[in-house]
Every structure is written in C-alpha cells, then in structure tokens.
Amino acid sequence: MINKIVQSMADAMADIKDGSTVLIGGFGAVGQPNALIEGLIEQGATDLIVAANNAGVGHVGLARLMELGRVRKIICSFPRSSDPVVFETLYRAGKIELEIVPQGTLAERMRAAGAGVPAFFTATGVGTKMGMGKEQREFDGRTYVMEQALAGDVGLVEAWEADRWGNLTFKESGRNFNPVIAMASKLSIVQTQHVRELGEIDPDHVVTPGIFVDRVLHVPYGDPTGF
Amino acid sequence: MPDTAVTDFKPLNRVEMAARVARDIPEGWYVNLGIGIPTGIADHVPLEREVIFHSENGVLGMGPAPPKDKIDPWLINAGKQYVTLRQGGSFCHHADSFSMIRGGHLDLCVLGAFQVAENGDIANWATSENDTAPAVGGAMDLAAGAKRLWVLMDHTTKDGTSKLVQRCSYPLTAVGAVKRVYTNLAVLDVTERGFVVLDMAPGLTFETLQSRTDAPLHRAS
C-alpha cells in the first residue's frame, strides 16, 4: 500500500543533506509552508541554496533560517518585504549570495525542471541587467535570452488537501508557486491543512497529481497571518 | 503649489490620473495593474464595464478590496493587499499566471516608472547600479510580455527633473516596451518619432509642457 503520509516532522525532514537546493512555496504569507521551514531549522541541514519568491520577513521562518547562517545563497524575485532586516543585514555584510530572477522566469525555471526541459528562451530581461552574460537568440525577429531550469533537491509545499497518494489541492491564492515546486523537486515535502481518504478528492479537482509528491505531513494550522 | 501660482494650469492629482487611464480601458480587456498608483485605476472602471483584472500571484478576475469584516486571508494581490474575486474569477499557479503575461495574453499592463525614454525603454525597478537589495518582482515579465504597456507616473520628480527622457539613466526594466505614458501633466504616445502629445492638463500649453520635459515632444498630427 502506498502511503506518503508521514506521522512526524522528523520523518518529513529525514535525509535532507547539507548543500541541498531547497525550493520553498508561498507568496507573502499565503501558501507558505511555515511548519516545514521550522522543521528544516530543527533538522539542521546547512550550506543551503534556497529559492523562494521573497527573502523572509522579521526573524521567523526563512528569515530565521538565514539568520542562523544556514543559507549560502538565496534565489528570489523580490528580497524586499515589510521587514527584510535579516536578509539586508546578511547581504550588506557579504554573508549571503543573492540571485535576483524575474518572477515569471523563476516560476518557469521551476516548471522547466519539472518537465525535463533543461533551458528555454524568454523575452523577459532582454536588454537589462538580468539578460547580461546570457546566451541570446533571435526567433521571428525578436530577441530572447536563455534561462536554465531550476531543480530542487528538496521542495517545501503547502497544500489545502492531500491524500495518501499525494494528490493535492490548494486554496485560492495559496496555490502560487506550490505546484511547480512539487514538480521541480526530487524530494517534495508537503504540509497540508486537510488529509482526505483516497478517492475523496474529486479527480477533476486534483491540481497536483501524487506522482510529483513524496511526503505529506498533516499541519492544520488555520489561516495565514501577516506578511 | 508653485505650478498653479506661476502659470495658469492645474496638474492632475493621483485620483484624477488613475481615472484618466481608466477612461481608456475598454470592456473585454485583460489587464494587470502594477503596485502603487496603477492599482487605483481599477476603482474607476465601473463593474458593468467588464474589464478582467489579473494579479501575478495567480488571480484572474480580481475585484475591489473587501470591507474589513469580510477579509478572506487566502486572497491577496501582488502587492500583498487583501482583495476579492468577482463572479467568473479563477485561480491558477504561478507558472500559468506568468504564461498569461509572458505568452502575450494580457491586453494591457499599467506600471509605475522612474523613467520612460522616447524609444519606449522603461526603468522602474532600481534607481542605481549598486542598489543594496534590488527587487524586480514581476515587472520585467509584465513589461516584456503584455500586448500593451502603459506607464502611469508623475511628469517630473519632486525636484522638477523630467521623468520622460531621451535615454534612461537608471537600470532598464525592458527595452522599447512602453506604448503610452499618462502623467499628471499629459497623455503621450510613444511612437517612432518619439513622444507625441495626445492630451494635456487643463490650461497647460505645449510650450510649457515641453519646458518640463527632457525629451523633444511632438504634436499629434
């Protein structure tokens, strides 16, 4: 019997290695797998490369992981937030590497990784700092830059519902990066608000099919708060 | 207000600027409004004129902000403000949401900017080459991907420096992307000739507008 549902945070975080690339879902606080980020802090892996849309708020979650010196490099589109103090302090001190990626390119690099596409061409960033040093090609008279896929060793995902096969649904704007992170990561770890029996989620409503998911932890925390 | 004291014209205020853009958005368009002043444009599009607003974080068919007691904590826009969803609205993931942008499916995107050049270049994400923590978000995708890019911004900086320029000095967001600029002084199309003036604030003359603009202006013919 396939059962991807794990019973403890320790089981969810097992075998995450130092030096891993970790993709983290969420846009602001919505759809952000906060419990799993806390679990990763507890688990202890270090020298991480983290890709997420933002670079943490205040001193909790991703900001805390960075503050503890566990993140070597952050890949994101928008490192500013209402309270980016940890990131900015580390960045000014040269203690964290930053790769800024346009938001759509970030999402597409993840989808490409999940789809087995090693690189693709996009018009985003042509003629800007983001396009510098990248291969350019012209198609039908327009210039494009090449962007490479971004795969995760580990993906941290927040879902609304999950079953033991790892089929997922999401809630409203909590979907954001989560489905592409599940696709793009070798080890996809999900925290879910609700666990459903197999067959209980209408197949037409499944957003992320279980093939993209490895572990599911039940974390019924309620509604997101704060950004 | 030196502008009104010295000369005899009245610049548009923020609300009037947003309303001026809203006038030009027809029913049926799919539209993304950037963070800041452009977000306010939606307030001036009447609900019966069906314009479908898109937000980068996977929301299509966005409605106005909810009253405080009706906030849905799962429903935010790209500026991380609480919003509502209109009947017919839908959610999608980030790669699909940016496919709407990058795949040329949006009829219009309106962004704020630091500078717009007469060749349509836009600079709106960083003001210097060594900005400590540059943050681009979805601006480059929107600027390069939407069918039309309009810019809504003040005509000059607070110290009077023109934001309409011959060449951008700040880091670019996209090259040759801007089609039209709405400012507190004028509406201008970006054409092969450069900036063409379509409309001016009440009482403003072409000569006065030119004196406040770094790039040469052209009259609509």
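I looked up the secondary structure of chain B and found five helices and 13 strands, taken as DSSP runs numbered from the N terminus (helices H or I, at least four residues; strands E, at least two). The radius of gyration of chain B, over C-alpha atoms, is 18 Å, close to the 17 Å of the globule rule (2.2 Å times the number of residues to the power 0.38), so chain B is as compact as a globular protein of 221 residues.

I noted that this is a predicted model, in which local features need pLDDT of at least 70 and side-chain atom pairs count only at pLDDT 80 or more, while totals for chains, interfaces and linings use all residues. Residues are numbered from 1 along each chain as its sequence is written, with chains lettered from A and ligands numbered from 1 in the order in which they are written.

I then turned to the interface. I recorded 41 residues of chain A in contact with 32 residues of chain B (C-beta atoms, placed from the backbone, within 7 Å). H5(A) gives the most to the side of chain A that touches chain B, with six residues.

I examined H5(A) against helix H3 (residues 94–102) of chain B: they pack at about 125 degrees, with axes 9 Å apart. Axes are lines fitted to C-alpha atoms, for helices over the stretch in contact, and angles run from 0 to 180 degrees between N-to-C directions. H5(A) is therefore oblique to H3(B) (under 35 degrees is roughly parallel, over 145 roughly antiparallel, 65 to 115 roughly perpendicular, the rest oblique). Among the residues meeting here I listed Ala107(A) and Arg111(A) in H5(A), and Phe98(B) and Ile101(B) in H3(B).

Definitions and conventions
Contact = placed C-beta atoms within 7 Å.
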